[in-house]
Amino acid sequence: MLKVLIVEDEKWEREGLLGFLDWHSFGFEMVETACDGIEGLEKADKIRPDIIITDIKMPGMDGISMSKKIKASMPQVKIMILTGYDDFQLAQEAISFKADAYVLKPLEEEEIIPVFQKIVDECLEEKEKTAREDRIRKQLDENLRIARTKFLNDLINGNLDTERLNQQLSDFGMKITSHDEYTIMIIKIVRTLGQSHGAVNPEDPASAGMDGIISLVGNVMQQHLVFSLSFVKEEQMVFCFSSSRGDNGLLDSEIGEIYRTIHSEQGVLSVIGMGEPAASLNEVSRSYVQARQVIEFGMFWSSFEMIHFYQIDSKRNKFVDNMSEFLIQSDYLSKQLLHSVRTSNRDKLFELLEEMFAYLRKNPGADRDFIVSYLQSIINETNVFLYNLNKGLEHSSVNVCKDQGVQLAGLSSLRSMEQGLTGFFENTLQKINEKKNDKDEQIVNKVVELIEQRYMTDLGLQIIAREVFLSPNYLGNIFKKYTGKTFNDYLCEYRMTKAKELLKSPDNKVSRVASAVGISNTSYFCTIFKNTYGMAPGEYQKSFLRNS
């Protein structure tokens, strides 16, 4: 859509021009007016019109002077001059600065419309041409950016030979000197400091202003920066610095200032990983690999700071020297953990889990894969225990635990692994308790079955406990938990129920019934029966026979 500015000092002519043409049909979205050249200059600067229709003679600033000033800052604007027969000299001046058209007053529709349509067509054609050139330029810029990004990716990954490297350095205007060293730095965004409170969660990185960080690094390291790359999805930025040999101390000072600025002013928590200097640019891939290892180290151990590769290399060597001590202690902790699982000692289990991860944090030289393997071995042994516990039943709990183990192996930080293992053991204990409860219920059912089969014998809790391989105390507790009665009360009630059935026969004497339900002392049997039913067994038998 187009914009037009009408500059005319005579009000009636200005208003007449507003209604003279159907502006919308010509494609105009805005029609503005000004009463003289001075106001016309101000409005033109404000609305940036496509076409200006102006009178020549006006107080303050005439149309020619105004048009010259506007053309100087907006050369693409089209200008139509309105002139009378007595303004020939001024009209000539309008031609001299290349006004796009001039029309004689008084205006006639059949004269002005073709002229105006021609200007509109030229304006639209130029706009389309400009838009087309912009699209081509943007596409060329994008192609160049893609080609440069591919080149830099190939460079840091060591996929370029010397000939191709030198050719593309020339193509992209990158100059190098033979006395320089080249160092790769990676900045990994963890989160913005205002994103959340409490513990950092490296599994959930922040979406922060990477452009701002790249601009900051470019300003601070202007003399040293060779190139930069952004990996938006990973929220990582890769920088290559050149420096004279032995001048790394200066780099450290400037990069330390960058880290403090990112943290304090931009509110971004990050890890900065520094590789070792490379002797030449075609060897910079080694520095890049080292910087990536530093980032992985920082994320795994939650070390959100500037870290050099030589620092983590030193920690690794120290860990190797103390490997035997680590293996002894970690083996002890894992055995204690598994014992706590087997005994369902929840408090001890999580106390040991906390102790184990505290010990792991004291050994930051341990390789991530080594720690994952160690933790996975604990999970696997726990799964074996669960499998044996569930043997012969549905193994849903075992499958859940295996899934949890796979998730653990995919985590990138020790903190998240601790959370994952804590969840794993919470789930494990729940499954063990479910199985334990199921097993206890089966035992109680077995005891009830034994009572029904052997109530007429000399039966007691001690005898039954030996047969189900449990202590009398434990068996008594679980029996009451599931039946709501003690073992003796349940046995007594069952015997009395059977006694009632036997007493319904006139041939069964009380002494015989007492013996038949496992109570050898007839007097004791009578006491229990009366306490249960409110009458002596003999009375119950007579009453039943009489009523029947």
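Colleague: What is the strand order in the open sheet of five strands?
Modeller: Bear in mind that this is a predicted model: local features need pLDDT of at least 70, side-chain atom pairs count only at pLDDT 80 or more, and totals for chains, interfaces and linings use all residues. Residues are numbered from 1 along each chain as its sequence is written, and side-chain values use heavy atoms, with hydrogens and water left out. Strands here are DSSP runs of E, at least two residues, and helices are runs of H or I, at least four, both numbered from the N terminus; two strands pair if DSSP finds at least two bridges between them. Pairing in this open sheet is parallel, and the order is E2-E1-E3-E4-E5.

Colleague: Which strands stand at the edges of that sheet?
Modeller: An edge strand has a single partner, so one side of it has no neighbour in the sheet. That applies to E2 (28-34) and E5 (101-104).

Colleague: In E4, which residue is the bridge partner of Asp 55?
Modeller: Strand E3 (residues 51-55) and strand E4 (residues 78-83) run parallel, joined by five bridges. Asp 55 has its bridge partner in E4, and that is Leu 82.

Colleague: At what angle does helix H3 run to E3?
Modeller: H3 (residues 63-73) lies across E1 (2-7), E3 and E4. Axes are lines fitted to C-alpha atoms, for helices over the stretch in contact (heavy atoms within 4.5 Å), and angles run from 0 to 180 degrees between N-to-C directions. For H3 against E3 that gives about 160°.

Colleague: Is Glu 235 buried or exposed?
Modeller: Glu 235 sits in the loop between E7 (225-231) and E8 (236-244), and its phi is positive, near 55°. Buried means under 20% relative accessible area, exposed over 50%, partly exposed in between (1.4 Å probe, protein chains only). With 8% relative accessibility, Glu 235 is therefore buried.

Colleague: And what is the relative accessible area of Arg 48?
Modeller: Arg 48 also isn't a glycine, yet its phi is positive, about 50°. You'll find Arg 48 in the loop between H2 (37-47) and E3. Arg 48 counts as partly exposed because its relative accessible area is 37%.

Colleague: What kind of aromatic pair do Phe 300 and Trp 301 form?
Modeller: Rings of Phe, Tyr and Trp (its six-membered ring) pair if their centres lie within 6.5 Å; planes under 30 degrees apart are stacked, over 60 edge-to-face, the rest tilted. The whole structure has 20 aromatic pairs. Phe 300 and Trp 301 are 5.0 Å apart centre to centre, with 90° between the planes, making the pair edge-to-face.
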